[in-house]
Amino acid sequence: MTSELDIFVGNTTLIDEDVYRLWLDGYSVTDAVALRVRSGILEQTGATAAVLQSDTMDHYRTFHMLERLLHAPPKLLHQLIFQIPPSRQALLIERYYAFDEAFVREVLGKKLSKGTKKDLDDISTKTGITLKSCRRQFDNFKRVFKVVEEMRGSLVDNIQQHFLLSDRLARDYAAIVFFANNRFETGKKKLQYLSFGDFAFCAELMIQNWTLGAVGEAPTVPDSQMDDMDMDLDKEFLQDLKELKVLVADKDLLDLHKSLVCTALRGKLGVFSEMEANFKNLSRGLVNVAAKLTHNKDVRDLFVDLVEKFVEPCRSDHWPLSDVRFFLSQYAASVHSLDGFRHQTLWDRYMGTLRGCLLRLYHD
């Protein structure tokens with residue numbers, strides 16, 4: 001008696017998204033098999049435990065072989081060993097470079113060095129993310145940083161070009177690189193309420209307006225400074241910010257500024273009395289933050305200072321977010337009516353970004 005079999009042979013590499021997620025999350029083959037069994041896959045497919053074990057091991061071997069290509073994503077596109085459709089290639093890359101919010105908050109603003117890597121055990125314990133996954137995410141941050149730190153042009157564009165990430169993920173990595181380069185403090189207790197998204201939003205504003213690569217600044221930058229245009233804050237701009245001190249040092253200007261803001265907001269602000277009473281302290285806080293940004297430590301403490309000098313005082317007086325928005329808009333705009341003030345362009349470059357950051361940091 002003879003049997004007839006239909007056989008199909010193909011060379012497309014099969015990618016099981018669920019197993020890929022387990023591998024990315026740092027689970028061992030044994031743990032991954034247990035989790036797959038718990039999901040009910042044996043009942044759904046009719047497979048045996050031995051087949052499931054073999055299938056999981058096979059996928060893990062494939063992912064290990066693919067990992068060296070994922071370290072330089074363009075290589076994955078151009079290699080001929082693994083026949084993977086473009087849509088699957090994009091999925092592999094995007095998920096490999098994805099990161100956990102809880103993890104990135106622990107390392108954001110820290111130097112991407114061996115010293116920080118030694119803390120990954122503690123971070124793993126604190127966040128519940130496997131140590132293997134923590135290492136992958138940290139190594140990804142460090143790899144992207146190393147590749148783009150010496151490149152000219154847009155930070156986001158460079159990341160997209162060399163790592164083939166989506167626009168959103170490339171922007172997130174740009175924020176991580178920017179914070180690591182400038183070492184902004186994000187770990188203090190008073191900043192714990194802020195999410196990675198809050199910091200990433202502020203990073204994008206600062207890259208667009210406060211760096212050497214900011215719009216309108218590039219033509220004046222010497223060739224020797226071109227490499228880090230989107231990563232380094234514009235030191236000349238930071239130095240010039242000291243000129244804003246006149247807004248609080250000159251009593252007449254300070255009084256006139258307060259008068260203009262109060263006149264514009266009277267009857268429109270629910271916390272008008274509180275604003276009027278605290279105007280000078282708030283203004284001194286915002287201007288003094290600018291004047292101190294010539295020092296590296298004060299740059300690192302930017303978000304701590306903004307929360308201490310503005311967010312916390314407004315919170316203590318129960319300002320709703322809508323009143324904060326009205327105040328900051330009028331506070332920034334009214335400076336243009338101060339005849340004795342000669343630094344309008346500098347003020348707009350500073351306050352345009354600061355206003356956006358403060359509104360993001362203010363959770364009423």
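The model is predicted.

In the salt bridge between lysine 280 and aspartate 255, the closest N and O atoms are 2.8 Å apart. This pair links distant parts of the chain, 25 residues apart: lysine 280 belongs to helix α17 (residues 272-291) and aspartate 255 to helix α16 (residues 251-265).

## Aspartate 55 and arginine 36

A salt bridge joins aspartate 55 to arginine 36, with 2.9 Å between the closest N and O atoms. Because aspartate 55 sits in helix α4 (residues 49-70) and arginine 36 in helix α2 (residues 29-38), the pair ties together parts that are 19 residues apart in sequence.

Arginine 36 is buried, with 7% relative accessibility, whereas aspartate 55 is partly exposed at 26%. Both residues belong to a network of salt bridges that links Asp16, Arg36 and Asp55.

## Aspartate 301 and lysine 297

Aspartate 301 pairs with lysine 297 in a salt bridge whose closest N and O atoms are 2.7 Å apart. Aspartate 301 is buried, its relative accessible area being 14%, while lysine 297 is exposed at 51%.

## Overall count

The count of salt bridges in the model comes to 21. Among them are the pairs lysine 280 with aspartate 255, aspartate 55 with arginine 36, and aspartate 301 with lysine 297.

Terms used
Residues numbered from 1 in each chain as written. Predicted model: local features only at pLDDT ≥ 70, side-chain atom pairs only at ≥ 80, totals over all residues. Heavy atoms only, no water. Salt bridge = Lys/Arg side-chain N within 4 Å of Asp/Glu carboxyl O. Helix = DSSP H or I, 4+ residues; strand = E, 2+ residues; numbered from the N terminus. Buried < 20%, exposed > 50% of the residue type's maximum accessible area, 1.4 Å probe, protein only.
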